[in-house]
Amino acid sequence: MEVKARGLTFDVAEGGPSDGPPVLLLHGFPQDHREFDLLRPRLHEAGLRTYAMNQRGYSPGARPSGVGQYRIGEAVADVLAVLDELGLESAHLVGHDWGAQVAWLVAGRHPERVRTLTAVSVPHPRALMLALRVRPSQRARLAYFQVFRSPGAERLLLGGGALVMRRMLGAIGPRADLYVKAMREPGRLTTALNWYRAFRGSDVADLGEVTVPTTYVWSDRDGVVGLTAALRTADWVRADYQLVAMRGVSHWVPEQAPRELGDAVLARIGV
């Protein structure tokens, strides 16, 4: 389905019982709503209604020009507007990677719109900022961030048969082809990378404690987020909270461990 909001058109994959409690799923880079394909059937079987949206830069009708259009606050406003257009006063949020970053901000700044939060891979922004200050290893893990902000990032990721992107997504096997093919659409990789180019630490530095029931899912083979940020996320939640630590799983949790993620999501929602 298409949802028109804020002058843009977002592609949203909906499924599950029409009267089920709503779950909004937010993807990360370089994926799209399909990263939840292996998770959504489990949620539908539990009676939940899911809405997996392609965020700005990914939906063809939501690719505004200009790096500034991809500040994280714009993505937060998109989520609120899409919920409005769907007629939802609130929803359960599940976000991975950039989608988790967006979900943390929505939950922290607009708790009335969030029933529960399940953040996957990316921790509370303030916990990550702390880890960046005190752990050189965490700074090293995020060194790719500056590479993705560089003018040559498109060529690096898709050049030579997209070898770099395929290696980055190696843990999900053949499904990597879905995203490599999608990123070859004219303009799509640039607008997706603009999330990195537009980001400023000040965009999240003022985020306070999250007051909605929250689960943070971290995996011990995640090359992006280390243990310190995972553990310190608890400092920033003032509600029922659980850290789910997955062993032997990489950053790409929704596709590498959909069954275990489904357990965590359903336990958080309480169905």
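**Reading the labels on this fold**

This predicted model has a chain with 12 helices and eight strands. Let's go through the labels one by one.

Q: What makes the radius of gyration of the chain agree with a compact globule?
A: For 271 residues the globule rule gives a value near 18 Å, and the chain comes to 17 Å, so the two agree. The C-alpha trace spans about 45 × 40 × 35 Å along its principal axes. Of the contacts with a separation of 6 or more, 77% are between residues 24 or more positions apart.

Q: What is the strand order in the open sheet, and how is the pairing described?
A: The order is E1-E2-E4-E3-E5-E6-E7-E8, and the pairing is mixed.

Q: Why are strand E1 (2-5) and strand E8 (241-246) said to stand at the edges?
A: Each has a single partner strand, so one side of E1 and one side of E8 have no neighbour in the sheet. From one strand to the next, the twist averages 20 degrees.

Q: How do you know that strand E5 and strand E6 pair?
A: Pairing needs at least two bridges, and E5 (residues 91-96) and E6 (residues 114-120) have five, in the parallel sense. For Val94, the bridge partner in E6 is Thr118.

Q: Which helices lie across E6, and at what angles do they run to that strand?
A: One is helix H3 (residues 98-109), which runs at about 150 degrees to E6 and also lies across strand E3 (22-26), E5 and strand E7 (214-219). Another is helix H12 (residues 258-269), at about 155 degrees to E6, which lies across E3, E5, E7 and E8 as well.

Q: How many aromatic pairs are there?
A: The count comes to 12 aromatic pairs.

Q: Why is the pair of Trp98 and Phe199 called edge-to-face?
A: The ring centres are 5.7 Å apart, within the 6.5 Å limit for a pair. The planes stand at 65 degrees, over the 60 needed, so the pair is edge-to-face. Trp98 sits in helix H3 and Phe199 in the loop between helix H9 (188-198) and E7, 101 residues apart, so to speak a link between distant parts of the chain.

Q: Are Trp98 and Phe199 buried or exposed, and how do you know?
A: Buried means under 20% relative accessible area. Trp98 has 6%, so Trp98 counts as buried. Phe199 has 15%, so Phe199 counts as buried too.

Q: What makes Phe145 and Tyr196 an edge-to-face pair?
A: Their centres are 5.0 Å apart and their planes are at 70 degrees, which is over 60. Phe145 lies in helix H6 (residues 144-149) and Tyr196 in helix H9, 51 residues apart. Both Phe145 and Tyr196 are buried.

Q: Which residues do ring pairs link into a cluster?
A: The cluster holds Phe29, Trp98, Tyr144, Phe145, Phe148, Trp195, Tyr196 and Phe199.

Q: Which members of the largest nonpolar core touch the most other members?
A: Phe29 and Val102 do, in a core of 72 residues. Leaving out residues up to four places away in sequence, Phe29 touches residues including Tyr58, Trp98, Phe148, Leu157, Met168, Tyr196 and Trp252. There is also a second, separate core of 21 residues, with Val249, Ala264, Val265 and Ile269 among them.

Q: How many of the 271 residues count as buried, as a percentage?
A: The figure is 56%. In soluble globular proteins, nonpolar side chains tend to be buried together.

Conventions: Residues are numbered from 1 along each chain as its sequence is written. This is a predicted model: local features need pLDDT of at least 70, side-chain atom pairs count only at pLDDT 80 or more; totals for chains, interfaces and linings use all residues. Side-chain values use heavy atoms; hydrogens and water are left out. Helices (H or I, at least four residues) and strands (E, at least two) are DSSP runs, numbered from the N terminus. Axes are lines fitted to C-alpha atoms, for helices over the stretch in contact, and angles run from 0 to 180 degrees between N-to-C directions. Contact means heavy atoms within 4.5 Å. Rings of Phe, Tyr and Trp (its six-membered ring) pair if their centres lie within 6.5 Å; planes under 30 degrees apart count as stacked, over 60 as edge-to-face and the rest as tilted. Buried means under 20% relative accessible area, exposed over 50%, partly exposed in between (1.4 Å probe, protein chains only). A nonpolar core is a set of buried Ala, Val, Leu, Ile, Met, Phe, Trp, Tyr and Cys residues joined through side-chain atoms within 4.5 Å. The radius of gyration is taken over C-alpha atoms; the globule rule is 2.2 Å times the number of residues to the power 0.38.
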